[in-house]
Amino acid sequence: MNKIGYRMMVPLLLGFAAWLSHGPAYAQPLAATGKVGTLKVERHGNHGQPVILIPGLEGGPWVWERTIRALQNDHVVYAVTLAGFDGVPPPAGGGNLFDQADASLKQLIERRKIDKPVLVGHSLGGTLALRFAGEHPQMISGVVAVDGLPVFPGMEWMGVDQRKAMAARIQQQVAALSPGQFAAQSLAYMQNVGVIDPQLAARYAPMNARSDIKASAQYMAEDMAADYRPLLKNANVPILEISPYNAPDFSQPPKAMSEAQKTAYYEGLLAQAPQAKVVSISPSRHFVMLDQPTEFQQTLDGFLAALGD
């Protein structure tokens, strides 16, 4: 299965397109905005179980437009933006961006006195949520990772040095892109990997331009080089991994894989987590909440309701 996963992901790695999150600005009014650590934070709702929404690479809260609207009447929703994305400046002092995002999430929970929130992360945001669960399980009540994994799929069999070398090459190539090249690459990614509907791809891809190219390249490299699987043994909270599946994308070699095989592959990557479950949603691509908004919301609502039982 590891080899299948590698063949499935290598074309994406070579295309420099890792886990993008884009979308239109949403219309609902903001209850509060502010900054905690390196995070921009928007707060919606004023009562109920707290939820922290973390978008993926280059994402902003717009990717959670429907999710915020569905949750804010019964939950306190914190929609965060990572430094370097959606017009938020990268950290001035440099350093590891994942480490700073992780520390800022901890600060957010502590400073706002958020009582055991549920972390909901898409893609890179899901990876960050899983890492946080392994480091600070006592601070949260659960994690929903939307196609975000503890190790970059297809690279789980590589050694540390091999992953770091590949990540460094990708970072160098992405960081050198012009804004026009960056936007074109993003459109190609959204058309072929991000969503099924070409109109959705055209609508969401231009949001790339709001993010810093060099910061995006660094986040991508840090994601690819990391392996948080050993941390998962400490993540003793319910974890739901949402795995998208679109049959035509997996119908031909070298990417041939059934829906059950892909689910099993994700289960293997999360095997060290004591309470992890993988649910497949199809037909959908990487942005499950855009391709299948109703089924995605029902799945999320069910997870949140189970935590309250």
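Predicted model: local features only at pLDDT ≥ 70, side-chain atom pairs only at ≥ 80, totals over all residues.
Author: Asp-102 counts as buried, at 6% relative accessibility.

Reader: Which side chain meets that of Asp-102 in a salt bridge?

Author: Side chains of opposite charge can pair when their charged atoms come close. Here the partner of Asp-102 is Arg-131, at 3.5 Å from N to O. The two residues are 29 apart and link distant parts of the chain, with Arg-131 in helix α4 and Asp-102 in helix α3.

Reader: Is Arg-131 buried or exposed?

Author: Arg-131 is buried, with a relative accessibility of 8%.

Reader: With which residue does Arg-131 form a salt bridge at 2.8 Å?

Author: That residue is Asp-99; the 2.8 Å separates the closest N and O atoms. This pair also links distant parts of the chain: Asp-99 lies in helix α3 (residues 97-111) and Arg-131 in helix α4 (residues 124-135), 32 residues apart. Asp-99 has a relative accessible area of 40%, so it is partly exposed.

Reader: Where do Glu-135 and Arg-131 lie?

Author: Both are in helix α4, 4 residues apart, which is about one turn of the helix. Glu-135 is partly exposed, at 30% relative accessibility.

Reader: Which residues do salt bridges with shared partners join into one network?

Author: The network consists of Asp-99, Asp-102, Arg-131 and Glu-135.

Reader: How many salt bridges does the count come to?

Author: The count comes to 7.

How values were computed:
Residues numbered from 1 in each chain as written. Heavy atoms only, no water. Salt bridge = Lys/Arg side-chain N within 4 Å of Asp/Glu carboxyl O. Buried < 20%, exposed > 50% of the residue type's maximum accessible area, 1.4 Å probe, protein only.
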